[in-house]
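Please read them with the structure open beside you.

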Amino acid sequence: AANIDGDWIGSLRYMMIDDGYWIRVDEDIDEFQWECGEDLARGNISVQDVSPTPEEFLFNQSTAQAFYFIEDVVIDGEPIAKDDWLIAYQGDKVVGARQWTGGFTDVPAMGDDGSEKTINYMDEYSTPQFKLFKEGSLIDLEGDVPAWSNNEVFMVSSLKAAATLPESFSINNAYPNPFNPVTTLSFALPVEVKVSIKVINLQGREVMSLINETMQAGYHSVDWNAESESSGVYFLNISAGDFISTQKLMLIK
């Protein structure tokens with residue numbers, strides 16, 4: 001649980017006898033009092049309401065840990081259900097898991113504290129990868145996630161399904177074509193690669209370089225504004241690694 005401007009958020013509803021807790025404060029105090037009640041973000045959630053962590057997502061407790069309070073998770077424009085799970089990964093290792101119980105669900109992320117059970121867990125140079133376990137499937141999530149730091153509490157406003165990377169190079173036909181004066185070329189890159197896209201006229205001279213840089217894997221597009229060019233036939237020369245393609249364009253003014 002965390003106190004934000006006087007309000008408690010998180011899944012901790014009450015403290016249990018014989019359980020241990022960390023209390024983190026930002027100034028010296030003489031007395032600590034915590035009245036856990038209905039003002040909690042999820043005061044109606046009890047221990048009995050939360051399912052045990054699925055066996056495949058069990059993780060080892062560590063003395064080095066951080067918590068990520070996730071405010072919202074949206075998949076295909078819809079909020080996730082309360083029986084879904086948020087899983088924190090460091091590489092292929094599960095370092096935390098929490099069942100979604102509404103806004104500001106707190107997901108732990110355990111760090112490498114030097115013990116054998118936490119080898120290759122989080123460290124000061126890594127950022128957890130969050131995944132959603134929903135109806136038996138794992139969905140990669142993306143968002144503005146801060147780098148891990150021991151004994152810290154982080155607020156993450158939103159996570160969404162990560163964009164699926166293309167499996168191969170592909171180039172769509174420029175549209176519109178014929179055009180006046182702007183046309184758009186869309187293309188897909190399965191890996192990070194140096195991309196070159198040039199406009200060539202009928203005489204074989206380069207009219208314009210649209211792209212000449214290394215680009216990340218994913219789906220991209222580029223516009224050509226030919227307002228300053230004369231009507232006629234042009235060619236788009238596209239190269240991305242070993243992938244080479246040429247398209248014919250017709251500019252009509």
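**Notes on the predicted model**

1. A polar contact of 3.2 Å links the side chain of Arg24 to that of Glu152, a polar contact being a pair of N or O atoms within 3.5 Å, where within protein one must be able to donate a hydrogen and the other to accept it, and where residues adjacent in sequence count only if both atoms are side-chain atoms. The Arg24 side chain also reaches the backbone oxygen of Asn151, at 2.8 Å. Residues up to four places away in sequence aside, Arg24 touches Asn151 and Glu152, contact meaning heavy atoms within 4.5 Å.

2. As to the basis of these comments, this is a predicted model, in which local features need pLDDT of at least 70 and side-chain atom pairs count only at pLDDT 80 or more, while totals for chains, interfaces and linings use all residues. Residues are numbered from 1 along each chain as its sequence is written, and side-chain values use heavy atoms, with hydrogens and water left out.

3. Arg24 is placed in the loop between β2 (7–9) and β3 (65–70); helices (H or I, at least four residues) and strands (E, at least two) are DSSP runs, numbered from the N terminus. With a relative accessible area of 49%, Arg24 is partly exposed, on a scale where buried means under 20%, exposed over 50% and partly exposed in between (1.4 Å probe, protein chains only). Arg24 and Val153 are separated by 129 residues in sequence, yet their C-alpha atoms are 9.5 Å apart in space.

4. Beyond its neighbours within four places in sequence, Ser126 is in contact with Gln90, Ala147 and Trp148.

5. An open sheet of seven strands runs in the order β5-β4-β12-β10-β9-β6-β7, with mixed pairing; two strands pair if DSSP finds at least two bridges between them. β5 (78–79) and β7 (93–99) stand at the edges with a single partner strand each, so one side of each has no neighbour in the sheet. Strands β9 (residues 129–134) and β10 (residues 137–142) run antiparallel and are joined by four bridges, and the partner of Leu132 in β10 is Ile139.

6. Strand β15 (residues 193–201) is mostly covered, since seven of its nine residues are buried. It pairs with strand β16 (residues 206–215) in the antiparallel sense over eight bridges, with Val195 standing opposite Glu213 in β16. These two strands form a hairpin with four residues between them, and Gly204 in the turn has a positive phi of about 85 degrees. β15 is also joined to β18 by seven bridges, again in the antiparallel sense, and in β18 the bridge partner of Ile197 is Ile238.

7. Within β15, Ser196 is buried, at a relative accessible area of 15%. Residues up to four places away in sequence aside, Ser196 touches Ile211, Asn212, Asn237, Ile238 and Ser239.

8. The structure holds one cavity of 30 Å³ or more, a cavity being, on a 1 Å grid over the protein atoms alone, a set of points where a 1.4 Å probe fits but cannot get out, with lining residues having an atom within 4 Å of a point. About 30 Å³ of space lies in the largest cavity, where grid points are joined across faces, edges and corners and a volume is the space filled by probe spheres set on the points. The lining consists of Phe169, Ile171, Phe187, Ala188, Leu189, Val195, Ile238, Ala240 and Phe243. By class, the lining has nine nonpolar, no polar and no charged residues.

9. Val182 lies in strand β14 (residues 182–189) and is partly exposed, with a relative accessible area of 33%. Neighbours within four places in sequence aside, Val182 is in contact with Pro176, Asp223, Trp224 and Asn225.

Terms used. On a 1 Å grid over the protein atoms alone, a cavity is a set of points where a 1.4 Å probe fits but cannot get out, and a pocket is an open set with protein on both sides within 12 Å along at least five of seven lines; lining residues have an atom within 4 Å of a point. Ala, Val, Leu, Ile, Met, Phe, Trp, Tyr, Cys and Pro count as nonpolar, Asp, Glu, Lys and Arg as charged, and the others, Gly among them, as polar.
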